[in-house]
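Have a look at the model first, then read on.

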Amino acid sequence: MAIDSDEIRSGADELLDAGAHDRLDAMRHSTAHVMAAAVLELFPGAKLGIGPAIRDGFYYDFDLPRPLNPADLEAVEERMRAQVVGDLPFERSELDREAALAMLAEQGQDYKVEIIRDLPPKASETVSFYRHGEFIDLCRGPHLETTGRLGPFKLLSSAGAYWRGDEKRPMLQRIYGTVWETQDDLDRYVWRLEEAKKRDHRKLGRDLDLFTFHPESPAAPFWHPRGMALFRALEDWSRQVRREGGFHEVRTPSLVRKELWEQSGHWELYQDNMFVLDDYGHPSGAKPMNCPQEILIYKTRLRSYRDLPMRFSDYSVLMRKEVTGALSGMFRVRQLIQDDSHVFCREDQIGDEIDLALRLVRRQYEPFGMAPRFKLATRPEKRLGSDEFWDMAEGKLGDALEANGVPYEVDPGGATFYAPKIDVFIDDALGREWQLPTIQLDYQLPQRFDLEYRAADGGFERPVIIHYAIYGSFERFTGILVEHYAGAFPLWLAPLQVMVVPIADRHVQYASRVCDALAAAGLRAEVDDRSERMQAKVRDAQEQKVPVMLVVGDRDQEAGAVSPRLRTGESSQGIPLAELVEELRGRAERRELWPYAD
Ligand SMILES: [Zn+2]
Ligand SMILES: [Zn+2]
């Protein structure tokens with residue numbers, strides 16, 4: 001059962017485990033101490049929560065008499081700088097449990113007292129503290145040598161956060177900060193944050209009229225005409241890649257009775273993520289994935305070894321009962337469509353089919369200018385199947401990766417309990433890593449559904465299923481693309497590819513003919529026939545990130561020509577219409593990464 005993980009891996013407030021500390025983590029945690037000392041100087045009597053290093057930075061929680069404002073953060077930063085100049089050593093000390101509790105109680109640090117009380121007594125016979133200057137904190141360490149060793153830092157924001165994430169407990173003030181080895185690293189990180197904010201797909205989706213979300217249908221996108229044009233461009237390309245790969249498209253029902261989900265194991269393992277409803281007395285589930293239904297198609301007749309591999313693609317609507325309220329836009333939706341693929345094959349075909357899957361993944365990502373990376377997830381400790389089985393399966397996946405000549409990493413123990421898999425990743429323009437779907441080998445569903453085929457010797461054998469999607473869900477991939485391109489899509493993807501801009505009202509008729517010629521060539525074009533000045537129309541089209549603007553005036557009209565301006569700034573004049581239409585059609589059909597700013 002290939003359940004793809006819809007997790008964004010970068011930018012998460014991921015707590016680092018105690019074993020993962022390296023120097024940068026120690027610096028981040030040390031900076032959190034320095035920040036806490038500064039906050040205590042400004043707010044004597046403030047109570048401390050926790051202050052861990054996180055991915056790309058750190059935070060600390062404080063119980064304060066009032067919420068913090070940006071001026072407070074500046075004041076905290078200033079006092080932090082004074083500590084750096086002071087070059088104060090971090091000194092470790094230990095106290096036995098009772099002495100530690102007494103000291104913290106005397107300081108009024110109730111949350112720290114609670115932390116120690118919750119430790120298993122064995123682990124807290126003695127507890128360690130770190131001191132720098134006047135500030136002392138319950139802490140496991142490690143820390144840098146002195147406060148003078150901190151790299152360039154910046155406080156980013158503050159927000160309310162319940163103690164221990166429990167809304168019945170007090171609301172603390174959490175200050176987020178970041179610190180890096182060099183000023184360059186810090187600048188780049190701050191640029192990335194600002195850029196990510198500007199590129200937020202929820203904002204751009206609305207500004208560019210692509211899609212919106214509405215509380216009437218939580219966590220499910222409403223695709224506007226322009227968004228649908230983008231969706232179709234993605235879908236056409238995916239279908240072309242599947243056709244080249246020898247796939248046949250199927251479509252299967254959304255509402256499926258419980259019995260099928262019981263047989264597939266979803267009823268037991270995945271029911272919490274399914275919309276379950278009553279179909280006139282028959283408990284049914286809206287499908288969260290396509291595999292069991294495609295198996296029913298497979299089983300409609302006796303298959304022979306010559307029929308295999310059978311490759312199905314499926315673009316059906318899936319429903320997943322995700323928790324709503326998370327503001328993740330397209331990254332976590334309850335209704336989605338995948339470019340789903342299932343291959344039913346013989347065991348001796350696994351190598352070739354994995355090889356094909358890898359080639360299709362690389363091919364499909366090519367026109368986006370993205371190079372996928374691969375990770376081979378191998379046998380976990382708790383698993384089904386013999387060592388011979390795992391040797392064989394991992395060997396075939398590894399061989400296919402080698403045959404494709406792609407760099408890949410091994411993720412030891414990362415496989416699902418029933419078979420190895422290949423995880424696919426891409427990096428976007430901001431250097432964020434995204435996990436894409438998985439190429440999953442599956443012996444489980446064939447067994448649960450008792451699938452077979454007639455072998456060459458007349459006996460019956462069990463096929464294997466390979467599950468994969470390439471984009472994953474169109475919804476999530478659209479979110480990634482909007483942020484990757486900051487809404488400035490290459491021509492082949494752009495919802496509106498060409499805006500025709502008549503200079504004056506007397507050019508509108510000719511502009512319409514230009515638009516018709518573009519449409520006849522399969523290009524998405526509109527005429528801006530508002531009575532605005534030409535410069536204003538060009539600026540608006542530029543803001544909508546339309547790749548090509550065609551300005552038409554007297555001379556163009558007489559000559560049957562157009563004067564193109566690209567979103568990237570280049571322009572030319574008096575190009576014959578037929579020539580330009582042919583050029584644009586060619587670039588769109590070849591799915592070129594064009595026009596491209598950098
Ligand atoms: Zn510490
Ligand atoms: Zn599947």
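His29 is buried, with a relative accessible area of 12%; buried means under 20% relative accessible area, exposed over 50%, and partly exposed in between, using a 1.4 Å probe and protein chains only. This histidine sits in helix α1, residues 23–42. Leaving aside neighbours within four places in sequence, His29 is in contact with Gly51, Pro52, Ala53, Cys139, Pro142 and His143, where contact means heavy atoms within 4.5 Å.

**How to read the model**

- This is a predicted model, in which local features need pLDDT of at least 70 and side-chain atom pairs count only at pLDDT 80 or more, while totals for chains, interfaces and linings use all residues.
- Residues are numbered from 1 along each chain as its sequence is written, chains are lettered from A and ligands numbered from 1 in the order in which they are written, and side-chain values use heavy atoms, with hydrogens and water left out.

**Overall picture**

- The protein has 18 helices and 29 strands; these are DSSP runs numbered from the N terminus, with helices being H or I of at least four residues and strands E of at least two.
- Its C-alpha trace spans about 85 × 75 × 55 Å along the principal axes.
- Of the 598 residues in the protein, 53% are buried.
- Among contacts with a separation of 6 or more, 72% come from residues 24 or more positions apart.
- The 78 positive and 101 negative charges have mean positions 3 Å apart; Lys and Arg count as positive and Asp and Glu as negative, with His and the chain ends not counted, and each charge is placed at NZ of Lys, CZ of Arg, CG of Asp or CD of Glu.

**Aromatic pairs**

- A search of the whole structure finds 24 aromatic pairs; rings of Phe, Tyr and Trp (its six-membered ring) pair if their centres lie within 6.5 Å, and planes under 30 degrees apart count as stacked, over 60 as edge-to-face and the rest as tilted.
- Tyr365 and Phe477 have ring centres 5.6 Å apart and planes at 80°, so this pair is edge-to-face.
- That pair links distant parts of the chain, with Tyr365 in helix α11 (residues 350–365) and Phe477 in helix α14 (residues 474–485), 112 residues apart.
- Both Tyr365 and Phe477 are buried.
- Tyr485 and Phe489 also pair edge-to-face, at 5.9 Å centre to centre with 65° between the planes.
- Tyr485 counts as buried at 8% relative accessibility, and Phe489 is buried at 2%.
- One aromatic cluster includes Phe211, Trp223, Tyr315, Tyr365, Phe477 and Trp492.

- Arg303 lies over the face of Tyr298, 5.5 Å from the ring centre; the criterion is NZ of Lys or CZ of Arg within 6 Å of the ring centre and within 35 degrees of the ring normal.
- Arg242 lies over the face of Phe247, at 5.9 Å from the ring centre.
- Helix α10 (residues 291–298) is largely enclosed by the rest of the structure, because six of its eight residues are buried.
- Those buried residues are Cys291, Pro292, Gln293, Glu294, Ile295 and Tyr298.

**Leu593**

- Leu593 lies in the segment after α18 (577–589) and is partly exposed, with a relative accessible area of 34%.
- Not counting residues up to four places away in sequence, Leu593 touches Pro367, Phe368, Gly369, Tyr485 and Pro490.
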